[in-house]
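Let's take a walk through this model together. Have the sequence and the coordinates open side by side as you read.

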Amino acid sequence: MIYLDYNATTPIAPEVLETMMPYLTKEWGNPSSGYRFGAKLKQAVNHAREQVASLAGTEPDHVVFTSCATEANNAAIRAALASAPTKKHLITSRVEHSSVLAMCKKLESSGWTVTYMPVHPNGCLSVQEVEKAITDNTALVSLIWGNNETGVLFPTAEIANLCRDRGVLFHTDAVQVPGKVAIDVSALGADFVTMSAHKLYGPKGCGALIARSELLEDPLLFGGHQEAGRRGGTENVAGIVGFGKAAELASKGIEDRASRVGALRHAFESRVLTEISGTWLNGLGAERLPNTTNIGFQGVNSDAMVTFLDAHDICVSSGSACLASSLSPSHVVFAMTGSHDKARQSIRFGLCHLTSEAELGQVIDKLKLAVTALRQR
Ligand code: PLP
């Protein structure tokens, strides 16, 4: 199998699994227990908190472990709105992950006003337009950092500065960024940052919301006193420990990894764009995550392409994995191009440090076959 969908998920790194194993076997206590067999696990959880904080560039006590990034995105929006109770407007973009968009749709049906910022054809958005959209009624700006479908990086530092100057809370869904690009959440000054373990060679079912405690007036889940009272529920100790180890590994050699993967990505997309006619790059000219490329194939239905490549043991996707079963065109490519056809004809390729040039060569050969077989004239 050739796996080129590392934005959907990643395998658990062997070192991560090794670190998790004791907590799936002999160390099965409850960290909230009064005796040492359980209570000692708090140290493991807090060590993981330090490792995740170190990767993100934040204080350990700003890290709240969650069940996934979807929970963290939902919780960040809820917490921001709760801490600005008189304000009824929020700003997001048309290219967010469904965990933000679906939450915003729900809020609209409950009387909130949401501005969905458009993006330029290259997938980026204008800070000046975000500034114009902010009103005295704006409680929150919530914008993705690195797009999961195209890899396009929003000017997150500039947006964070703008929000700080205007006294508006700022949340960024950073799920795709840590480990691919170095980040420093403290320097960034965002109020809420979302992360997920399974995008960086950690386990599924574990995420984090980074936020100062005073912004989390209500716990994420009402219940026990876990996570310093910020989220009830017995901790997923093995998952959290795995997240910590994955974060530690991800923080090493980011630049080397990014330049190696970036070079592979560049060579791959250059070959596809020159050797296969009727192709285009979604995100051309924008600053992007080094591992991601999103390429359109004129006249080729992307779901048919995914199925064709799957039959050749190649994994790619036609959009976000969370929406893959919906068979709807990519809302991200549609927001960039205004074209339903382009949104239905685009494929996301997510590379990683495990990807080889030889694998990419085989994928290009199969793409050529796929285009010949599937292109409608
Ligand atoms: N945000 C982005 C940008 C993502 O890519 C994903 C995963 O696809 C999520 C949020 C949701 O992550 P999780 O699967 O941990 O809920």
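Predicted model: local features only at pLDDT ≥ 70, side-chain atom pairs only at ≥ 80, totals over all residues.

Residues are numbered from 1 along each chain as its sequence is written, and side-chain values use heavy atoms, with hydrogens and water left out.

Let's begin with helix α1 (residues 14–24) and helix α9 (residues 237–250), whose axes come within 8 Å and cross at roughly 160°. Helices here are DSSP runs of H or I with at least four residues, numbered from the N terminus; axes are lines fitted to C-alpha atoms over the stretch in contact, and angles run from 0 to 180 degrees between N-to-C directions. α1 and α9 are therefore roughly antiparallel, a term for angles over 145 degrees. On the α1 side, the residues in contact include Val-16, Met-20 and Tyr-23, and they meet α9 residues including Val-241 and Leu-249 (contact means heavy atoms within 4.5 Å). By class, this contact has nine nonpolar, three polar and two charged residues. Ala, Val, Leu, Ile, Met, Phe, Trp, Tyr, Cys and Pro count as nonpolar, Asp, Glu, Lys and Arg as charged, and the others, Gly among them, as polar.

Stay with α9 and turn to helix α3 (residues 41–56): the two axes come within 8 Å and cross at roughly 35°. This crossing is left-handed. Among the α3 residues involved are Leu-41, Val-45 and Val-52, while α9 contributes Ile-240 and Phe-243, among others. Twelve nonpolar, two polar and two charged residues make up the contact of α3 with α9.

Next come helix α4 (residues 69–83) and helix α5 (residues 98–109), packed at about 40° with axes 9 Å apart. These two helices are therefore oblique to each other, and their crossing is right-handed. Thr-70, Ile-77 and Leu-81 are among the α4 residues in the contact, with Val-100 and Met-103 among those of α5.

Finally, which residues are closest to the ligand? Of the 15 residues that surround the ligand, the closest are Thr-70, Asp-173, Gln-176, Ser-196 and Lys-199 (a residue counts if one of its heavy atoms lies within 4 Å). A polar side-chain atom of Lys-199 lies 2.6 Å from a ligand oxygen atom, and one of Gln-176 lies 2.8 Å from a ligand oxygen atom. From the backbone, an N or O atom of Ala-69 lies 2.9 Å from an oxygen atom of the ligand.

How values were computed: Parallel < 35°, antiparallel > 145°, perpendicular 65-115°, else oblique. Left-handed = near helix turned anticlockwise from the far one by under 90°. Polar contact = N/O pair within 3.5 Å; in protein donor to acceptor, adjacent residues only side chain to side chain.
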